[in-house]
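Let's take a walk through a protein together. Have a look at the sequence and the picture below, and then we will go step by step.

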Amino acid sequence: MAGSTPASLSADTIPPPGGIVSRAKPPVSPAREAWRRFRRHRLAVISIVVLLLLVIGIAIGPWLWRTPIDDIDFGAQLAGPSWTHPFGTDDLGQDLLARMIHGGRVSLAVGVAAMLVAVIVGVVIGAIAGMASGWLDALLMWASDLFLSLPQLPLLLLIIYLFRDTLRRLLGTEGGVFVLIVVVIGGLRWMPVARLVRAQFFSLREKEFVEAARALGASRLRLVVRHILPNAMGPVIVAATIEVANAIIAESTLSFLGLGFPPDVPTWGRMLFDAQDYLDIAPHWALFPGAAIFLAVLSINFIGDGLRDALDARRVI
Amino acid sequence: MSGAYLLRRILLAIPAMLGISVILFTVLALAPGDPFGELVSNPNVPASVQAALRAKFGLDDPVWQRYLHWLVAMLHGDWGFSFVSRINVDTLILQRLPVTIAVIGASQVLAIMIAVPVGVLAAARPYSLFDQVANTLAFIGFSLPTFFTGLLMILLFSIRLNWLPFVFRADLPGAGWAWWWGELQQSIMPVAVLGLYQGASLVRFVRSSAMDVIKLDYVTTARSKGIGQRRVLIRHVVRNALIPVVTLVALQMPVVFGGAIITEQIFRVPGIGSLLIASILSNDTPVVMGVTFVFAGLVVLFNLIADILYGWLDPRIAFR
């Protein structure tokens with residue numbers, strides 16, 4: 001490209017006075033630079049610690065806290081927090097800490113899996129639109145506009161209402177609902193990622209390094225996978241983080257409306273749904289899972305904000 | 001604003017509505033069983049009657065024909081019959097719709113009344129203490145799911161303090177001032193839950209939009225003429241900063257409807273959101289389809305209104 005030559009020419013011929021000093025510094029890798037930017041966002045760093053604690057607690061919880069989730073004890077119905085039940089019990093005397101650990105596994109698994117579905121679909125559609133341009137691009141963007149104006153929660157409820165029984169028969173109760181919720185939440189959230197990827201592709205595919213690769217005879221697929229996509233990932237990672245938080249809220253909402261996982265699978269949203277009728281006598285039952293959803297979502301949102309500072313090159317700090 | 005712009009926008013809403021109807025119908029057609037034909041699968045109904053019924057409802061026709069029939073019926077206002085309530089779906093929805101619109105409308109007003117001043121003030125002094133506190137509170141606000149805020153409010157204001165009723169009553173007794181007072185009391189919590197959530201997500205958009213405007217030359221000109229900071233913000237910055245926010249409010253509508261369904265469910269508000277949940281739980285398919293379609297139609301309608309407002313507020317758009 002013509003525009004790039006003068007800049008490199010002048011940089012070579014007239015060395016800036018401080019150039020020698022800066023060249024003596026060890027080169028900073030992109031990951032290191034991103035971490036340096038990320039660290040400045042204090043709340044994001046705190047959020048990483050909070051989220052890690054939450055994930056570790058959920059991951060190793062069942063080995064440390066061995067009370068089974070379905071151990072019914074009518075002697076301790078709706079009991080408040082105590083040494084035997086640190087988070088109290090529900091209306092059947094089941095231990096809430098054990099159920100929270102199990103529910104956290106389901107909620108976070110749904111969040112991550114739905115994010116993966118949304119990001120994969122979004123990247124593929126965005127990449128196709130960004131490379132194709134013309135009528136295919138217009139069609140895909142029209143479809144993404146259409147999906148953006150769909151009322152998500154009503155549609156989610158409608159699909160789950162219509163397909164719940166079939167999938168339950170095919171994949172078993174827990175597995176069927178899991179697949180359904182993940183696919184539907186992910187399938188209704190790909191549009192932001194697709195638009196981001198498309199916008200990135202539009203600017204990246206005209207860059208010199210892509211042209212150089214094309215001149216060297218790289219195939220279209222190789223251009224996309226090896227050259228353009230890695231450079232478009234920054235904003236996608238940020239969007240993916242936010243998607244996890246959205247998916248956790250979506251799953252909790254479904255469970256809270258009594259239309260997510262069945263009652264014997266405790267998720268955080270389902271626990272809130274069960275607890276809402278006992279708010280006056282057992283507020284702890286609603287407060288603990290609600291606080292867990294809030295903490296998880298808040299920390300993921302802050303991490304996303306920190307990642308935006310770290311990875312989005314358009315933002316100057 | 002030209003009439004051509006208005007017409008173009010309205011015409012563009014039609015394919016969107018058709019696309020949504022195709023998606024809804026596809027979901028329905030792919031669903032196992034005949035959601036509209038519970039009579040057909042009943043073993044007590046003789047085979048000949050079944051065949052006649054199938055023919056009458058057109059269940060054996062090709063898919064595109066069924067779609068056209070369904071679409072024509074929907075356009076004629078023939079939305080089916082509720083299995084549970086024993087009245088026409090459109091009558092049922094029309095009974096419930098005003099409450100939902102009132103709650104959503106009030107909460108949007110609340111959200112804008114919070115988001116605009118806070119966002120503009122934060123943009124006026126970026127990275128100040130006020131900005132940081134507002135930003136953190138906004139993050140907390142949109143990370144708190146509406147169903148949890150609702151339960152927290154019930155716990156605090158209804159159970160602990162006993163100030164507000166936690167069940168919304170459609171048939172509130174009394175008349176005159178007492179009725180209005182009761183209506184206000186029972187609306188505070190649903191509107192606040194939705195409005196605070198929405199306001200929190202709007203604050204950041206208002207802030208960044210106002211930051212973009214504050215940088216412009218005409219704001220510097222206004223300042224250099226000696227106009228005070230307050231007046232510059234109110235008269236010069238806010239008006240232009242609000243233009244992108246109008247679009248955002250419309251784009252957020254699908255999320256708002258989701259929030260409205262939850263709020264109506266928590267506070268037992270008799271709107272179309274709680275109608276949707278109730279009919280899903282009682283397998284009332286025509287109502288489920290009707291309500292979903294109304295939500296979709298409302299989203300398209302609000303997008304259209306936002307487009308028209310946008311063209312009116314920023315005439316440069318309309319000439320493109």
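What percentage of the 317 residues of chain A count as buried? In this predicted model, the share that counts as buried is 41%.

How do parts of the chain that lie apart in sequence meet? Among the contacts in chain A with a separation of 6 or more, 70% are between residues 24 or more positions apart.

For an example of two helices packing, find α12(A), which covers residues 268-275, and its partner α13(A). Their axes are 9 Å apart and form an angle of about 150°. Angles over 145 degrees count as roughly antiparallel, so α12(A) is roughly antiparallel to α13(A). The crossing of these two helices is left-handed. On the α12(A) side, the contact is made by W268(A), M271(A), L272(A) and A275(A). From α13(A) come W285(A), A286(A), P289(A), G290(A), A292(A) and I293(A). Sorted by kind, the residues of this contact are 9 nonpolar, 1 polar and no charged.

Finally, turn to the place where the two chains meet. Here 35 residues of chain A are in contact with 37 residues of chain B. On the chain A side, α7 (152-171), α11 (220-256) and α13 (283-311) each supply at least two residues. The largest share, 11 residues, comes from α7(A). This side of chain A is made up of 26 nonpolar, 8 polar and 1 charged residues.

Methods:
Residues are numbered from 1 along each chain as its sequence is written. Chains are lettered from A and ligands numbered from 1 in the order in which they are written. This is a predicted model: local features need pLDDT of at least 70, side-chain atom pairs count only at pLDDT 80 or more; totals for chains, interfaces and linings use all residues. Two residues are in contact if their C-beta atoms, placed from the backbone, lie within 7 Å. Helices (H or I, at least four residues) and strands (E, at least two) are DSSP runs, numbered from the N terminus. Ala, Val, Leu, Ile, Met, Phe, Trp, Tyr, Cys and Pro count as nonpolar, Asp, Glu, Lys and Arg as charged, and the others, Gly among them, as polar. Axes are lines fitted to C-alpha atoms, for helices over the stretch in contact, and angles run from 0 to 180 degrees between N-to-C directions. Angles under 35 degrees count as roughly parallel, over 145 as roughly antiparallel, 65 to 115 as roughly perpendicular and the rest as oblique. A crossing is left-handed if the near helix is turned anticlockwise from the far one by less than a right angle, and right-handed if clockwise. A residue is buried if 20 or more other C-beta atoms lie within 10 Å of its own, exposed if 12 or fewer, and partly exposed in between; C-beta atoms are placed from the backbone.
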